[in-house]
Amino acid sequence: MAVKSGRVVPALDLALVGGGRFALGNPRPQSFTVLVFYRGLHCQRCPAQLRSYQELLPAFRDSGTDVIAITSDDENRALRSVAEWGISALPLAYGFSIEDAPTWGVHITSGSKPEEPALFTEPATFVVKKDGILDIGVVNSGPRLRPAAADVLAHVRERLADAGKKASA
């Protein structure tokens, strides 16, 4: 069963490029966690997407929001992505299990080119509240039409502004 807005998302615990682990909700973010699932090293659109999140990372952090890029690639391919794409500040988790993709509603594609893995996940973006409840998710069935990092940041800021209005009312 795929994740749904307003419901608790599944646990997520993955290795990070450069060492350590990412465990969703540990530590708990101040407001949100943005999960950016990307296709992998072979993807021609992924570098620009991840660099745009990296550029806006200070603004996300100012809003109390953590951002993490996630791939089903193995460690070697994830390391190459970081090096070749110039991803130095954006945390990148690797080894997302293809078997877990349906739980998140993330689409799986069979590789058809030599540079592609046998199976990989398509892009998806999830904004998860600090309590582990899904705020909003966008799941792609192919490589195009991903939400822009600036639009995701605008959404986070609007949600925080709405929460601020409710708190002061």
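Is R159 buried, partly exposed or exposed? R159 is partly exposed, at a relative accessible area of 32%; buried means under 20%, exposed over 50% and partly exposed in between (1.4 Å probe, protein chains only).

This is a predicted model, in which local features need pLDDT of at least 70, side-chain atom pairs count only at pLDDT 80 or more, and totals for chains, interfaces and linings use all residues. Residues are numbered from 1 along each chain as its sequence is written, and side-chain values use heavy atoms, with hydrogens and water left out.

The structure has five salt bridges, each a side-chain nitrogen of Lys or Arg within 4 Å of a carboxyl oxygen of Asp or Glu. Three of them are among those listed here.

| Salt bridge | Closest N and O atoms |
|---|---|
| R77 and D73 | 3.0 Å |
| E84 and R80 | 3.1 Å |
| D135 and R159 | 2.7 Å |

Helices (H or I, at least four residues) and strands (E, at least two) are DSSP runs, numbered from the N terminus. D135 is buried, at 11%. E84 and R80 both lie in helix α2 (residues 75-85), four residues apart, about one turn of the helix. R80 is partly exposed at 39% relative accessibility. In the remaining pair of the table, R77 is buried at 16% and D73 is buried at 2%.

P147 sits in the loop between β9 (134-139) and α4 (149-168). Beyond neighbours within four places in sequence, P147 is in contact (heavy atoms within 4.5 Å) with Y53, T125, V138 and V152.
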